[in-house]
Amino acid sequence: MGILLQTIVAGLLKGGLYALIGIGMTLIMGVMGIINLAHGQMMMVAMYIAYVLNTMGVDPYFSLLVAMPTLFLLGVLIQKYLLNPLIKVDTILPENQVLMTVGIGMVLTEVIRFIFKSDYKYVTTSYSSATFFLGGISFNVPLTIAFFIALAFTAAMFWFLIKTDLGRSIRATAQDKDAATLMGINTGRITVVTMGLGAALVAAAGCLLAPVYYIFPDLGGPFTAKAFVITILGGLGSTVGAILGGITLGMAESLGATYLGMEYEDIVGLAIFVAVLLFLPGGFKRLTKV
Amino acid sequence: MRAYPKGLLTVAVLLLAVVLCGGVMAAENVKVGIVLPLTGAQAKFGEIEKRSFEMAAEEINAAGGIKGSKLELLFEDDTGKPDVGRAATEKLISRDKVTVLTGGYSSAVTQAATAVAQQFKVPFLVTTGSADEITEKGYDYIFRINPTSSEYFDPFETLIQKAGGIKTMALLYENTQFGQSSAKDVEGAAKSAGIQVVVKEGYQAGAIDFKPILSKVKGAKPDIIYMVSYVMDAALLMAQCKELDINPKMFAGGGAGFTLPEFQQKAAAAADLVYSATLWSEDVPYKGAKEYFNKFKKKYNSETEYHGAEAYGSMYVVADALKRAKSFSPNDIRDALAATDMMTAFGPVKFISYGKKTQQNKLPNTFVVQWQKGKMETVWPEAFAKKKYIFPTPAWKDRK
């Protein structure tokens with residue numbers, strides 16, 4: 001029983017972080033209809049920002065305040081100058097924006113490798129492995145904090161999309177771009193803002209992950225893959241879906257690790273991915289409707 | 001616009017001529033192909049080895065090179081993936097026409113790369129890739145300087161006997177060829193030493209959270225936790241053992257990640273008193289070992305460890321074989337390598353056959369080190385020990 005509870009807690013905490021990683025991608029997917037395959041790499045850049053600030057004595061949670069605006073700007077620039085111009089170009093491949101994101105991911109990785117080398121970096125904090133126990137179940141402090149911050153960001157995002165003008169415009173663009181344009185929405189600007197928001201959210205995830213994990217230039221790929229799985233699980237463009245997707249993936253990995261063997265961690269995640277595609281195409285969005 | 005392509009053609013021809021001349025001039029160099037993970041998660045190891053290869057080659061060239069010609073190192077990045085390693089080896093052989101190959105870090109990549117070398121009959125001196133199978137296939141062009149991973153556990157056996165009181169073991173390993181191969185051997189060795197393996201779990205490298213398997217380990221209360229892990233997984237495993245308050249009598253690492261300075265820096269207090277198998281430390285009594293360590297530190301301003309020493313030794317073995325070879329034909333180099341009997345900074349090198357293995361180097365000693373107060377100290381075998389080993393490991397809460 002202790003082991004089961006510990007597994008569920010571990011899965012839940014990890015799932016919160018996954019949700020924050022996935023939510024940016026799902027937003028971009030919903031509005032632009034493309035998968036941002038540089039998503040994990042953007043997170044990696046944010047982690048390096050947290051690392052550099054940490055060497056100057058800044059706590060990784062405060063580096064959120066720097067990394068998020070920086071990545072917002074990076075996202076805006078990428079969308080405005082690299083992705084949007086591609087829409088106007090006729091090619092045999094309609095999805096050349098996706099291919100562009102692959103290239104951007106590689107460039108980000110190699111630029112970071114050029115600056116920081118392939119060395120492993122890590123953010124040292126006094127609380128990196130701090131724990132508290134609740135009835136014999138251990139809670140890792142940074143992961144618990146990350147979980148609640150992730151929930152707060154997700155809630156804020158939800159409120160923003162439902163209640164504000166800009167949020168409504170984003171949802172309108174996601175639902176029907178042509179109709180949105182006809183209603184007077186500047187969809188070009190919306191895509192730019194969305195990419196910025198997505199990048200800022202994944203930057204937050206990076207800063208929260210930094211104290212418990214380690215940092216190296218090639219870290220982006222696996223997290224892009226995780227974000228993709230979460231996006232498909234949750235349903236394209238669904239914030240609530242991304243939370244459910246993230247937590248489902250975290251739980252599945254944890255339970256799989258305990259009861260099947262940890263070497264199957266990735267297999268469990270991908271098996272669920274395939275199952276959702278087969279039996280619940282459209283993801284959790286079909287159930288939650290938001 | 002007609003003239004334009006013609007002009008281009010002239011330029012191309014000129015360029016080609018330059019390249020060809022360059023090629024002729026470069027042919028005087030002896031080309032050594034080296035396959036290493038220079039990017040990807042194992043890049044840290046690749047970097048240490050690359051620097052050591054370069055340092056050794058510079059020294060050899062400065063001392064007159066090989067029969068008047070210089071060593072030219074051609075590095076290819078295997079990114080830690082077997083398919084890339086295979087392609088890299090093919091490129092080195094068929095396009096760059098290297099005389100001899102060396103390098104090879106991860107076992108899975110090395111296995112793929114050596115198969116290519118054997119097929120093209122180009123001699124390959126494996127630097128690290130340590131899974132037993134690699135020298136068990138009867139490949140006559142493949143040599144290995146690194147002892148097999150099954151021998152990493154040997155010094156632990158005697159240490160455990162001496163320390164006493166160890167009856168149960170938890171065995172954690174990364175789910176790769178190196179991890180699986182090591183785990184199988186350690187399990188067998190533990191059984192024959194009368195130690196019961198109570199938990200045996202593989203994990204996926206790069207995981208964030210090891211608590212699921214560590215909870216199981218905690219429940220089983222083993223006397224020793226033996227881990228086969230690369231560097232950052234190793235650091236996270238130890239940090240999370242501390243978090244979950246797991247208290248065996250001994251934490252032991254099976255080579256690879258546990259000897260790197262980054263392990264200690266990331267795991268910090270959790271790294272203290274962790275044991276690791278190692279093939280080399282700067283304190284080993286081989287001629288040139290300490291000099292290599294100091295030179296590396298001076299040149300690159302960072303520390304080296306056993307992987308670097310292997311690379312440094314490999315370069316000297318290759319140079320020695322090239323010097324003795326009747327000609328630079330693959331067959332003559334192979335024969336020269338097979339006749340190797342020399343001392344390197346890494347230890348004595350001689351390729352012998354034993355058990356199912358062929359052309360395999362065997363070191364007289366492998367060592368156990370222990371992190372004590374942030375420093376890695378050689379603690380076993382007793383004859384080489386710099387510090388007394390600390391056993392049993394005190395519980396986390398009893399540490400200051």
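This is a predicted model: local features need pLDDT of at least 70, side-chain atom pairs count only at pLDDT 80 or more; totals for chains, interfaces and linings use all residues.
Let me start with the overall build of chain B, which has 12 helices and 15 strands. Its radius of gyration is 23 Å, close to the 21 Å that the globule rule gives for 400 residues, and so chain B is as compact as a globular protein of that length. If you draw a box along the principal axes, the C-alpha atoms of chain B fill roughly 80 × 55 × 40 Å.

Where they touch, domain 1 of chain B gives 15 residues to the contact and domain 2 of chain B gives 15 residues. On the side of domain 1 of chain B, the largest share, three residues, comes from helix α4 (residues 107-120) of chain B, and by class that side has five nonpolar, five polar and five charged residues.

Let me turn now to a sheet in chain B. In which order do its seven strands lie? Reading across this open sheet of chain B, we find β7-β6-β8-β9-β10-β14-β15, and the pairing is mixed. The edges are taken by β7 (196-203) and β15 (375-380) of chain B, and because each has a single partner strand, one side of each is left without a neighbour in the sheet. From one strand to the next the twist averages 25°.

Helix α7 (residues 211-220) of chain B lies across β6 (168-174), β7 and β8 of chain B, and runs at about 175° to β7(B). Helix α8 (residues 231-243) of chain B lies across β6, β8 and β9 of chain B, and runs at about 170° to β9(B).

Another pairing in chain B deserves a look, namely strand β11 (residues 341-344) with strand β12 (residues 347-354), which run antiparallel and are joined by four bridges. A hairpin of two residues links β11(B) to β12(B), and B:T344 stands opposite B:G347 in β12(B).

Finally, the two chains together. How many residues does each chain bring to the contact? Chain A brings 28 residues and chain B brings 30 residues. On the chain A side, α1 (2-32), β2 (137-140), α10 (239-259) and α11 (265-279) each supply at least two residues, and the largest share, five residues, comes from α1(A). By class, that side of chain A divides into 11 nonpolar, 10 polar and seven charged residues.

Two of those chain A helices also pack on each other: α1(A) and α10(A) meet at an angle of about 140°, with their axes 6 Å apart, and α1(A) passes α10(A) in a right-handed crossing. The residues of the contact of α1(A) with α10(A) divide into 13 nonpolar, 13 polar and two charged.

Notes: Residues are numbered from 1 along each chain as its sequence is written. Chains are lettered from A and ligands numbered from 1 in the order in which they are written. Two residues are in contact if their C-beta atoms, placed from the backbone, lie within 7 Å. Ala, Val, Leu, Ile, Met, Phe, Trp, Tyr, Cys and Pro count as nonpolar, Asp, Glu, Lys and Arg as charged, and the others, Gly among them, as polar. Axes are lines fitted to C-alpha atoms, for helices over the stretch in contact, and angles run from 0 to 180 degrees between N-to-C directions. A crossing is left-handed if the near helix is turned anticlockwise from the far one by less than a right angle, and right-handed if clockwise. Two strands pair if DSSP finds at least two bridges between them. The radius of gyration is taken over C-alpha atoms; the globule rule is 2.2 Å times the number of residues to the power 0.38.
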